[in-house]
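Reader: I've got this one open on my screen and would like to talk it through. Can you take me around it, a piece at a time?

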Amino acid sequence: GVGAPRDLKKAAGLYREAARLDYAPAQFAYAQMLDRGDLGKPDVKQALAWYEHAAKYDHPGALYALGAAYDAGDGVASDPARALTYYQQAALKGSAPAARAMADHLYRGEGVTRDLTAARKLFETAAIHGDAEAMYSLGAMLMRGEGGEVDNVKAWVWIRLAQAGKVDAAPAALAILE
């Protein structure tokens, strides 16, 4: 809708056309539209197919979306190992949500050996790239000294940023920290 009336059907048609020409960003954008139901009822099956196409070109958003689908069993059979593989690939391509998802798994020891040091590093990577949930998790780990030394100053900064990012648990954590 920039400079013209918003037209989701026209946008979808243009994305679909570019997607068919193997343009990964268009494949991802079209998949998102299908996934959200921007054109009516969500079409998870078609969305996953387009995410797969974009993932072949290492599109970080598509890799993360596939990881999330396999993690939750959304439109596919749940496969935590496959989800972690997609998360790892997406994180290496710069996806903050994927880095946070990997960190969550490492923190809880789900599908991988629990590794608080690696989890803390991945939360930091995601936090630096603007992921508010990762900011909160990193702050909590810094506050408790998980995966490294206690650092209440950095913990306060990250949790405060998480609060600005509307993370519900942040105000209570700040109150405890203060």
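Predicted model: local features only at pLDDT ≥ 70, side-chain atom pairs only at ≥ 80, totals over all residues.

Reader: Which element is V153 found in, and how far is its C-alpha atom from that of L177?

Author: V153 sits in helix α9. Along the chain, V153 and L177 are 24 residues apart.

Reader: Let's zoom out for a second. How many helices and how many strands does the protein have?

Author: Reading from the N terminus, the elements go α-α-α-α-α-α-α-α-α-α. The C-alpha trace spans about 50 × 40 × 25 Å along its principal axes. As for the count, that's ten helices and zero strands.

Reader: What share of the residues is buried?

Author: The protein has 178 residues, and a residue is buried if its relative accessible area is under 20%. By that cut-off, the buried share comes to 39%.

Reader: And what share of the contacts with a separation of 6 or more joins residues 24 or more positions apart?

Author: Here you take the contacts with a separation of 6 or more and pick out those between residues 24 or more positions apart. Those account for 37%.

Reader: Back to α9. How do α8 and α9 run relative to each other, roughly parallel or roughly antiparallel?

Author: Helix α8 covers residues 132-144 and helix α9 covers residues 152-164, and their axes are 8 Å apart. The packing angle is about 155°, and angles over 145 degrees count as roughly antiparallel. The two helices are therefore roughly antiparallel.

Reader: Which residues of α9 meet α8, and what classes are in that contact?

Author: From α8 you get A132, M135, Y136, L138, G139, A140, L142 and M143. They meet N152, K154, A155, W158, I159, L161 and A162 in α9. By class, the contact of α8 with α9 has twelve nonpolar, two polar and one charged residues.

Reader: What about α9 and α10: roughly parallel or roughly antiparallel?

Author: Helix α10 covers residues 170-177, and its axis lies 9 Å from that of α9. The angle for this pair is about 155°. That makes α9 and α10 roughly antiparallel.

Reader: Which residues of α10 take part in the contact with α9?

Author: On the α9 side there are N152, A155, W156, I159, R160, A162 and Q163. Counting both sides, the contact of α9 with α10 holds nine nonpolar, two polar and one charged residues. The α10 side is A170, P171, A173, L174 and L177.

Reader: Now α3 and α4. What is their arrangement?

Author: Helix α3 (residues 44-55) packs on helix α4 (residues 60-72) at about 135°, with the axes 8 Å apart. That angle makes α3 oblique to α4. As for the handedness, the crossing of α3 and α4 is left-handed.

Reader: One last stop, D131. Is it buried or exposed, and which backbone nitrogen does its side chain reach?

Author: D131 lies in the loop between α7 and α8, and touches A96, P97, R100 and A126, leaving aside residues up to four places away in sequence. With 10% relative accessibility, D131 counts as buried. At 2.9 Å, its side chain reaches the backbone nitrogen of A134.

Methods. Residues numbered from 1 in each chain as written. Heavy atoms only, no water. Axes fitted to C-alpha atoms, helices over the stretch in contact; angles between N-to-C directions. Helix = DSSP H or I, 4+ residues; strand = E, 2+ residues; numbered from the N terminus. Parallel < 35°, antiparallel > 145°, perpendicular 65-115°, else oblique. Contact = heavy atoms within 4.5 Å. Nonpolar A, V, L, I, M, F, W, Y, C, P; charged D, E, K, R; others polar. Buried < 20%, exposed > 50% of the residue type's maximum accessible area, 1.4 Å probe, protein only. Polar contact = N/O pair within 3.5 Å; in protein donor to acceptor, adjacent residues only side chain to side chain. Left-handed = near helix turned anticlockwise from the far one by under 90°.
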